[in-house]
Amino acid sequence: MVRAMHSMLATLLFWIVVLMTVTAATFVVVARNILHAAFALAVAFLGVAGIYIFLHADFLAAVQLIVYVGGIIVLVMFAIMFSAHTQEGTVEPRRTWLALGGGALVAGVVLAATIMLINRLQVPLAEANAHADAAYRTTASAAPGEIALGHVLLGEYLLPFEVASILILAALVGAVAIVRKETR
Amino acid sequence: MLSLGLDASAVGWKLLPVLLVFGAVLAVVPLLVYLERKVCAWIQNRVGPNRVGLLGPDGLAQGVLGFSGGGKRILGGLLQPLADAIKLISKEDFIPAQADKFLFSLAPFFALLPPFLTFVVVPVGADLTFGGTTVPLIVADLGVGMLWVLSVSSLAAYGVQLGGWASNSKFSLLGGVRATAQMISYEITMGLVLLSVFMHYDSLSLREIVQAQATYFDPLLGRLAANGLGSWGVWHQPLAALLFVICAFAENNRLPFDMPECEAELVGGYHTEYSSMKFGMFFQGEYIAMLAMGAVISTLFFGGWHYPGYASVAAASPNLAALISLAVLGAKVMIFVLFQMWVRWTLPRFRYDQVMELGWKVLIPLALVNLVVTALVNL
């Protein structure tokens, strides 16, 4: 009884999170006020963190919260506050056919790739993660996700990991260079 | 897997830590507001609230019953939080005409909710046992506990940021911008500090960190032995503890880091335009955040709920030992709350550039050095 109730509650919660994520993501695209769009993006990212929890990927959910919700969107809103149009806070809608077509194309490709990826999985992701969790809990105390992830990132995929950080450094230097040119 | 061991009574007992933690926090906050003003009075040689009490010429008994209690004020001012609450609730809830109404109303919730959520991963006491059912006194023992603390405290930036922007006032906007910059800067140090604490304990779970502080490896006995004070995190990670305490002040926007408010320059900072209970929520959020930071500091660096002699009390009566551990954590948290008040009424405010310089040029390098040293030691 309690177990059935538990799974029903979990399913209900899952659909609430999904609805929240999709609604917020739609709002990001249609919002006229740029700060509202940024805030809706934060809510969408919050929903994605919730979906990670349903996939038993707790570490990923925490990182999603720290990096995207608590870091990047806060900085995005920070930049909006400093921009010239904060007082009216609206953006001119320029929805051309090119923009609509391009957006639909990108969305379609991402959707097709995701469906293909899901079809290639032999075991559902949530189940696989839950099994890994259970297997790890019996042998050691720490959460398994972050340890496996650490070994993969600093072992097998060390080079791509380090290249990504060089890319971020380049972006940082580029940002500084742009700002300096304006003040000269 | 989780639901296998669940039966109705276990679900019921799971609610106990939830009710205990959130009830205690809500009950203590009004007292903290009173305490803050009294501490301020003691430190700065002022009077503080001394009128609204039970007995005495201005007391509740006189106002309601006409009973003066002999003209002597007893515990005058103790009911000041009640009077404040009545004032806040009955004031006009004003929203400026040009404000962004939705975000203006939403922002106070972001000030109130994140500090509450911090308590979710804090173990508030040893396990209680009721007829074979073990009740851990922690709301949720997340495997990623320490990351939860960090992610939740980063959510707090939304309260001040949205509040500052939505008010559509230059003072609020400046306060919000300053708050965001300050919180983001000090979160980096906080993250680095938590990383070195994680390296030291090899665990992200606050529950396991408390257990690790309860025991130490005795080379003479050749096994783990119980210890009260000697294995507290602060002895192993003194620099991390100092940096974390400084960051806690900055995250909570308390003096000397109260740039976002900064009455002298910005009127009231991000909450200039707020009134009534919306202001009340910002105000309450600050005190809950003080409690939350006190709980995290005591858990990471000062042994959490653990106390000397716990093992011998637990051998006699586990439940008594658990109840004492609750009181011990409460006392530790109160010490840190009092410390935050003491600092607030003693130190002057930093200048904004000094806050940034301290954060980026002093604290982050120190935290990095601490991280590298910890990594080398634990190699």
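Chain B contains 14 helices and four strands, where helices (H or I, at least four residues) and strands (E, at least two) are DSSP runs numbered from the N terminus. The model is predicted, so that local features need pLDDT of at least 70 and side-chain atom pairs count only at pLDDT 80 or more, while totals for chains, interfaces and linings use all residues. Residues are numbered from 1 along each chain as its sequence is written, chains are lettered from A and ligands numbered from 1 in the order in which they are written, and side-chain values use heavy atoms, with hydrogens and water left out.

Of the 379 residues of chain B, 52% are buried; buried denotes under 20% relative accessible area, exposed over 50%, and partly exposed in between (1.4 Å probe, protein chains only). The accessible surface of this chain is about 16,900 Å², and carbon and sulfur atoms account for 71% of that surface. Accessible areas come from the Shrake-Rupley method with a 1.4 Å probe, and for residues only the protein chains shown count as cover. Among contacts in chain B with a separation of 6 or more, 75% join residues 24 or more positions apart, a contact being heavy atoms within 4.5 Å.

The largest nonpolar core has 79 residues, of which B:Phe244, B:Leu300 and B:Phe301 touch the most other members. Such a core is a set of buried Ala, Val, Leu, Ile, Met, Phe, Trp, Tyr and Cys residues joined through side-chain atoms within 4.5 Å. Its largest share, twelve residues, is supplied by α11(B). Apart from neighbours within four places in sequence, the contacts of B:Leu300 include B:Met146, B:Leu194, B:Tyr201 and B:Phe244. A second, separate core has 36 residues, among them A:Leu35, A:Ala38, B:Leu103 and B:Ala181.

Two cavities of 30 Å³ or more are present. On a 1 Å grid over the protein atoms alone, a cavity is a set of points where a 1.4 Å probe fits but cannot get out, whereas a pocket is an open set with protein on both sides within 12 Å along at least five of seven lines; lining residues have an atom within 4 Å of a point. Grid points are joined across faces, edges and corners, and a volume is the space filled by probe spheres set on the points. The largest cavity has a volume of about 290 Å³. Its lining comprises 21 residues, and B:Pro115, B:Ala156, B:Glu251, B:Asn252 and B:Ala289 are the closest to its centre. By class, this lining holds 13 nonpolar, six polar and two charged residues; Ala, Val, Leu, Ile, Met, Phe, Trp, Tyr, Cys and Pro count as nonpolar, Asp, Glu, Lys and Arg as charged, and the others, Gly among them, as polar.

The second largest pocket has a volume of about 2,300 Å³. Of its 49 lining residues, A:Phe59, A:Val63, A:Ile66, A:Val67 and B:Leu195 are the closest to the centre. The lining divides into 35 nonpolar, ten polar and four charged residues.

Most residues other than glycine have a negative phi. B:Asn45, although not a glycine, has a positive phi of about 55°; this residue is exposed, at 72% relative accessibility. B:Asp202 likewise has a positive phi, of about 60°, and lies in the loop between α6 and α7 of chain B. The loop between α6 (170-201) and α7 (206-214) also holds B:Ser205, which is buried, with a relative accessible area of 4%.
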